[in-house]
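Please work through the exercises below with the sequence and the coordinates open beside you.

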Amino acid sequence: MRRFFILALVAALGTLPGSTLRQLTLDDMIRQSTMIVRGTVQATTVQYHGSTIFSHYSIQVTETYKSSAQTAASSIDFGVPGGSLNGAIQRVAGAPNLTPGQDYVLFLWTSKSGLTQVIGLSQGLFSVISTPGTAPTVMRAAAAEQTLNSAGQPVTTNDINMSLSALKAEIASVLGTQTTP
Amino acid sequence: MKRAYWVRFAIFACAALLASKSWGYYYYILYNTSTGPFNQPIVEKFNLNSLVNNTVPFFISDAPPAVMAPGDSYQAIIGEIRGAAAVWSNVASSQLKLGYGGLFTASAAPATSPGIEVEFSDEIPPGLVAYTVHEVTGNLSYGTDSLIVPIVRSRIYLPNDLTQVSTVGNFLSYSEQFYVTLVHEFGHALGLQHTLTSGVMSTIYTTAASKATPLGADDIAGISVLYPVDGYLATVGSISGKVARDPNGLSLASVVALSATSPAISILTNPDGSYRMDGVPPGQYYVYAHPLPPAEYGESTPNNIIYPTDVNGNPIGLNYTAFATQFFSATYGGTRDVGNHAYLISVLPGLLTSGVDFHVSQRSSQAVYGVRTYGFSPTNVPVASPPIMAGAAAPSPVAANGEGLLEPNSNNVVMPGLAISVLGGAATASNLRPYPPPTPYIAVDVQASVTAGYGPKHMLFATPNDLYVLPAAFSVVANPAPSITSVTPATDANSNRVVLISGTGMFPVDPVSGTVLETTILFDGQPGTIQGTNKAGQLIVTPPPAQAGYTATVVALNADGQSSLYLQPTPSTFTYGIASATASAALLPSLTVSPKTLSAGTATTVDVTGANTSFVDGQTIVGFGTSDVLVTKVTVLSPTHLKVAVTPNVSIATSSINVTTGLSVISQALGNSVTTK
């Protein structure tokens, strides 16, 4: 009986407050994102959506893992909350930090108004790490920046860190589809 | 053997310290230099010189959430949001107050005066429940005592569909999570960043905040040092020093002061490793330094901290990967043996204890971090940072999850060498064990003696080479959680509406002092007034005003942090007057307002006549939807007539008026309508 309630903790207390974030599992993100793509990003514009400044980026899509009407385009626009415009500086804790030219896998979500964002602020942002002679891996972008050991090797945590091929297979499995090359 | 060490040589009784600028803390920080030295932080905060009565007005969108959880209502949401804001206003040592300014229209021209707005948004992606946008211009101003970066506006966004909130589902306004989330977001709005000491400003990974005691000592110190009342700094002490991995100071290392009987207070180091922790209540403290954890689960930075910036806006992040946690001791390099070798540092009011330095050793990664503890109420409701009864005959299981507690990829093998204990000897943790897969938890049995002292207790997670401290891992309490068994409408001897509340574990009067109220009764987040108890032992409570037919949830909170929601996740309700829909419709209130417009710069008295209203002197709040119209006084002449003195900075139609009395919301923008449950 007690074990049952411990199991229930994941659902019940994983949602307790104190942060803006709620942890999404990889499967959550696969299901709840409206598109999943790989590509490199470039900063484009900064503009208001309502009262909030969004910094916009375009991603030059090299692979599509989950399709939407937008993914027919080779370049997709998405926004990150926060930025500087007309003398106003707005900042949002947890907003993803994107490096222009970096290779990413992005789990994107488009709102009713048509604004596309990274799912879960930074949760849906993965760096693709390609090392010559080895298969590419993906890891949560922030973790890739922060958890390197003294030899410069990524430190394994319980956060997502897997091969790109395994990620693609997981996406295909959850969606019950084949990924689009 | 414990050693109390008085760092007398380092205490400087310098009156100038009382007026000195605060350093560090988990604030939003700018260094006004591009070359250094980076040890003079300039904080982002509301400029009290720009506010009237040190009050930041906050507004709630007049566009209610498109979809609310079953049984919830717009007024209930407003009540809970107002309750969450009041948490910060009630910090006596902070000058800053939050004043409810009523409803606002998001599409209206943005206000130019400082304020906070709460909106319901369709632009919140899955994985988020709420977020706060914090706006500055980047220009420096002189605040009340120092150079600051003034916050011009903060906006808190909540989901527009409160039934599809990521991983929560129905986001009920009475819930612990809704309330504490709002308190947390208001903290951001006022200038506080995430911390790691289990206060309300901690992230989900370590927070111990509850609806009954939302603020920890760290939160109180943080807001009080940011907006101190006159004389505050003379009542608290300070600790300063440096965290270095020789010879370099470490940027954004966390320094924490706590003891077995006191809650934790923390700050972050400057880029040069220096720190100064103000706002420490007098007492004896262990002080330790620990690294920020790696960014977890999609955080963009460690702990989602927005890094300080230099004068050119360049972020100044961490200059370390990890280091071993270290308590201050007589030994160069500190200690992890808290009980035997850590020093207790004496903090005295108005004085600085300096020289509390740390020389840390590098690690490739942290052994343990991001730990959170859970327990279960008698009705098996899971509770974070659970209450433990002092002197209980049997131990209580406390579960914990976090990084480094279990062997990687095993989920059912406790990390070899991991040992868990409680700071101080009056509470014990034993029988460390894992839960079987797929649940990545560990558990220990916790028992507290009657001498443990009430309040938050801290757990130590020791590994062979490191130590993780979880402040407020559990709380020692004297009584069970409150429980409400019935809510009965009644009238008092003067025919005023009261509510009789039956239950257990409620203490309207402190049994020791005889004066302090230990129990608060909330009606949709707004406190009722406890008049006393009757012969049957029922609490006699005057509820906040609301229109007839309105149904409010009723929750009891005790000062020890426990809530009736621990035992009854679905709370009792109280319906005002006759609940028939026909009667309610007939009683819908309306307003007649004169004059029709306000002119910019012209102080005006607005006359408001109500129909089916119950204005109450001291409780009725009038707003015009913008911080650019300052309401200076509300005079209630009768339940249906009031006058409002306003000073508008803009010209505006008075049709934007909204009047709130208790849980009753009357808004012209809403067509004078109210929505009942």
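This is a predicted model: local features need pLDDT of at least 70, side-chain atom pairs count only at pLDDT 80 or more; totals for chains, interfaces and linings use all residues.

Residues are numbered from 1 along each chain as its sequence is written, and chains are lettered from A and ligands numbered from 1 in the order in which they are written.

**Exercise 1.** Determine the strand order of the open sheet in chain B and its edge strands.

Solution. Helices (H or I, at least four residues) and strands (E, at least two) are DSSP runs, numbered from the N terminus, and two strands pair if DSSP finds at least two bridges between them. The 4 strands of chain B follow the order β38-β40-β43-β42, with antiparallel pairing. The edge strands, each pairing on one side only, are β38 (590-594) and β42 (629-638) of chain B. Between β42(B) and β43 (residues 641-648) of chain B there are 8 bridges in the antiparallel sense, and B:Ser638 stands opposite B:His641 in β43(B).

**Exercise 2.** Explain why helix α3 of chain B counts as largely enclosed.

Solution. A residue is buried if 20 or more other C-beta atoms, placed from the backbone, lie within 10 Å of its own, exposed if 12 or fewer, and partly exposed in between. Because 10 of the 10 residues of α3 (residues 217-226) of chain B are buried, this helix is largely enclosed by the rest of the structure; among them are B:Asp218 and B:Asp219.
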